[in-house]
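Please look over the sequence and the structure below before reading the notes that follow.

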Amino acid sequence: MAGKNSFRNHSERKLLVLVDMDQVLCDFEMRLLQEFQSRHPNDPFIPLEERRTFYARDQYAKIRADLADNIRDIYNSEGFFRDLPEIPGACDAMKELKEMEGVDVFICSSPLTSYEFCLKEKFQWIEEHLGQEWLDKIILTKDKTVANGHVLIDDRPNIKGAIRKPIWEHVVFTACHNVHSDIRGKRRLDNWTDGSWRDLILDLQMRV
Ligand SMILES: Cc1cn([C@H]2C[C@H](O)[C@@H](COP(=O)(O)O)O2)c(=O)[nH]c1=O
Ligand SMILES: [Mg+2]
């Protein structure tokens, strides 16, 4: 019985880290803007530093309804999710996290409801940028509040769902659209490059 208990204690002490994909591992916003400007050179666009809503579509809709449709057509098109550029340092940080003692890391991402390309291409992106072994570490869900973990690193400032008080601490990953958002006492992670993510993980590990 001692063995069983020690296994339970060991797994309970592991810090379970959930990491979002779009705008945390891969740069949805930059590619969306580049593609929009290339497809619609004569239309008004929203520079990244002027983005404010979580959904780009919503902000474009305030300018003109057809611009929002054009935005949707871009992220619904084949290759969009597959070819997203990496957020600087994200993949190296993920690989390091995966090797850290006492840490278990998963990718937790919400796919588009129009899943034709998005679902497959999220898997392709992960395989290409992180490696095949990461295909076993994917949680795809429209409702992240039901996912289990100690921390969720995610750029969406307000994550709502079936569970009113999710089990994880939400650390807001800074993105163009949330720089000015009221994040009500939540912590931020600004990037994967200045090493501050390691301090965050160490601090979280002390609390597990
Ligand atoms: C900006 C924007 C995003 N989306 C979609 C793209 C993804 O499927 C989700 C975001 O997923 P995450 O796991 O929360 O990062 O939202 C969209 O439909 N419209 C948009 O303008
Ligand atoms: Mg995101």
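Donors are N, O and S atoms within 2.8 Å of the metal, and since water is not among the atoms, sites may look incomplete. With that in mind, the points below describe a predicted model.

**The magnesium site**
- The magnesium ion (ligand 2) is coordinated at 2.0 to 2.2 Å by D20 (OD), D22 (O) and D155 (OD).
- Along the chain, the donors of this ion follow the spacing D-x1-D-x132-D.
- Because D22 lies in the loop between β1 (15–19) and α2, while D155 lies in the loop between β4 (151–154) and β5 (169–173), the pair ties together parts that are 133 residues apart in sequence.
- D22 and D155 are both buried.

**Lysine K122**
- K122 belongs to helix α6, which covers residues 118–129, and its side chain is joined to that of D22 by a polar contact of 2.9 Å.
- K122 counts as buried because its relative accessibility is 1%, where the cut-off for buried is under 20%.
- Apart from neighbours within four places in sequence, K122 is in contact with M21, D22, F81, S109, S110, P111 and L140.

**Helix α2**
- Helix α2 (residues 28–39) has 12 residues, which at 1.5 Å a residue should span 16 Å, and this agrees with the 16 Å between its end C-alpha atoms.
- The N-terminal end of α2 is capped by D27, which has a side-chain oxygen 3.1 Å from the backbone nitrogen of M30.
- The buried residues of α2 are F28, E29, R31, L32, L33 and F36, and what covers them includes α3 (56–63) and α4 (65–75).

Note on methods. Residues are numbered from 1 along each chain as its sequence is written. Chains are lettered from A and ligands numbered from 1 in the order in which they are written. This is a predicted model: local features need pLDDT of at least 70, side-chain atom pairs count only at pLDDT 80 or more; totals for chains, interfaces and linings use all residues. Side-chain values use heavy atoms; hydrogens and water are left out. Helices (H or I, at least four residues) and strands (E, at least two) are DSSP runs, numbered from the N terminus. Buried means under 20% relative accessible area, exposed over 50%, partly exposed in between (1.4 Å probe, protein chains only). A polar contact is a pair of N or O atoms within 3.5 Å; within protein, one must be able to donate a hydrogen and the other to accept it, and residues adjacent in sequence count only if both atoms are side-chain atoms. Contact means heavy atoms within 4.5 Å. The expected span of a helix is 1.5 Å times one less than its number of residues. Donors are N, O and S atoms within 2.8 Å of the metal (3.2 Å for Na, K and Ca); water is not among the atoms, so sites may look incomplete.
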